Amino acid sequence: MDSISKLHFFNLPLLLLLFSFPSLSEPSQFCDAGIGYDESACGIPTTSSSSKILIKGGTVVNAHHQEVADVYVENGFIVAVKPHIHVGDDVTVLDATGKFVMPGGIDPHTHLAFEFMGTETMDDFFTGQAAALAGGTTMHIDFVIPVDGSLTAGFEAYEKKSKKACMDFGFHMAITKWDEVVSKEMEIMVQEKGINSFKFFMAYKGALMINDDLLLEGFKKCKSLGALAMVHAENGDAVYEGQKRMIELGITGPEGHALSRPAVLEGEATARAIRLASFINTPLYVVHVMSIDAMEEIAKARISGQKVIGEPVVSGLVLNDSWLWDSDFLTAARFVMSPPIRAAGHDKALQAALSTGVLQLVGTDHCAFNSKQKALGIDDFRKIPNGVNGIEERMHLVWDTMVESGQISVTDYVRITSTDCARIFNIYPRKGAILAGSDADIIILNPNSSFEISAKSHHSRSDTNVFEGRRGKGKVEVTIAGGRIVWQNDELKVVPGSGKYIKLPPYNYLFSGIDKAEANYLASLKAPVKRTIISKA
């Protein structure tokens, strides 16, 4: 079927089930975050118009298949994927010959407008998302932090923060205390608010950290709701001891951060969380896997058949900790994050684990602070705000590090940057695919074009970049979000308020078979044993 009318008719039932992406004003603009940033110049659009795009002649790549085909987009959705689509004059045509047409990236781990360690991240839901779009990421999932332990108050706070959104996003929810109110709020979050994952911090003692008792209660509740349990896996008590030890030794600089929380503490907490999840019989997602120690625990669990997802982040894949020993404080401090960036060797091991399927998808833990904020810890590494950038750089660095090196295929690239995230958080194939009926979140990547990363040209509000000066091959030349061209010719066209909140349904594929495993477990107990009391004369 070559005619557009037939394409419309064929997909009409599916399209009617979906709702369109809020339109962007035309012309719209992005006000550079680094130079005279002024949101007032970027007005929220008041009118809507249809958008028709034909991407011609590119190699369309999905997680398990690639083919040379055209992609036709209308009203925010992919209408057809097939060779030689013919269109009228009212369609914008993009020539993708010799390039890859892929689903936009989905970043599973970000912190925008995050109030942390006495300050707030530089990037909010507009600047952070704009940076993401410039780098080929078209959706992210951010972490809602409760307000005084209240999930409802936290959700409402993040609803307000996200009104500036210029691309699609979802939410995880952190759990920082436990009582019956929190338990009930978890039900509301899953059943009404579209949250299907809850994060438990095993670190940050005295702030976000929870103990094993709460972890067990939380895991049980997640299982009952079909929600995915997530952990930040470091032994917080031991980290606290390590911090005291460094201060006693007079080590107050950024290197003390890494020395106080070695990889063994990440490995221990990962192993503990995995075993507790096994005890409860619920799937587990380990965020920002930074070390061989943690990766090996995940590998052992997966080999045994346990449902564990491991998420490395781009900083852990491509950097090592040598910068933490730089003689300039601000240079060293920009690399402080938790768990820490590890010594050389961990990065290569994480890359290998990603290429062989031990680890499943790549996030960023984008949590950007500027030099002034990092300087809060000039005399004490414990006061350096933890976090690095990555939301704009992830897609380029993963391509250059993993595909250009031959470690993974182009289809695997789509899987680890987009599709597996969509599957894990239960929005596939709406997201993470170039298929008829899917949202039109698309990138065109030129494998022969080069990129260079610099704080002078990035779109984050931060004045530093941990990937400063890095060059590589494979550049996202076009980003389409919700059926609109938002990045082309190195120019952004985005407006605050145009993004959508995407509800994430519970009971993803990891929960398949849980009930049978539970039944088998109960049957294996051979208990309770019926006993009789034999009295002795």
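**View 1. Lys161 over the face of Tyr158.** In this predicted model, Lys161 lies over the face of Tyr158, at 4.2 Å from the ring centre. A charge sits over a ring if NZ of Lys or CZ of Arg is within 6 Å of the ring centre and within 35 degrees of the ring normal. Tyr158 belongs to an aromatic cluster with Phe125, Phe155, Phe169, Phe171 and Tyr501. Because the model is predicted, local features need pLDDT of at least 70 and side-chain atom pairs count only at pLDDT 80 or more, while totals for chains, interfaces and linings use all residues. Residues are numbered from 1 along each chain as its sequence is written, and side-chain values use heavy atoms, with hydrogens and water left out.

**View 2. Lys199 and the ring of Phe143.** The charged end of Lys199 sits over the Phe143 ring, 4.3 Å from its centre. Lys199 is in strand β11 (residues 197-201); strands (E, at least two residues) and helices (H or I, at least four) are DSSP runs, numbered from the N terminus. With a relative accessible area of 1%, Lys199 is buried (buried: under 20% relative accessible area; exposed: over 50%; partly exposed: in between; 1.4 Å probe, protein chains only). Not counting residues up to four places away in sequence, Lys199 touches residues including His109, His111, Phe143, Met173 and His232 (contact: heavy atoms within 4.5 Å). An unreviewed UniProt entry places "modified residue: N6-carboxylysine" at Lys199; UniProt positions are given in the numbering used here, feature names are shortened, and annotations may be inferred rather than shown by experiment.

**View 3. Aromatic pair Phe125 and Phe171.** The structure holds 18 aromatic pairs (rings of Phe, Tyr and Trp, the last by its six-membered ring, with centres within 6.5 Å; planes under 30 degrees apart are stacked, over 60 edge-to-face, the rest tilted). Phe125 and Phe171 form an edge-to-face pair, 6.3 Å centre to centre with 85° between the planes. This pair links distant parts of the chain, 46 residues apart: Phe125 is in the loop between β8 (119-120) and α2 (127-134), and Phe171 is in strand β10 (residues 168-175). Both Phe125 and Phe171 are buried.

**View 4. Aromatic pair Trp323 and Phe335.** Trp323 and Phe335 are stacked, at 5.5 Å centre to centre and 5° between the planes. Trp323 is partly exposed at a relative accessible area of 40%, whereas Phe335 is buried at 3%.
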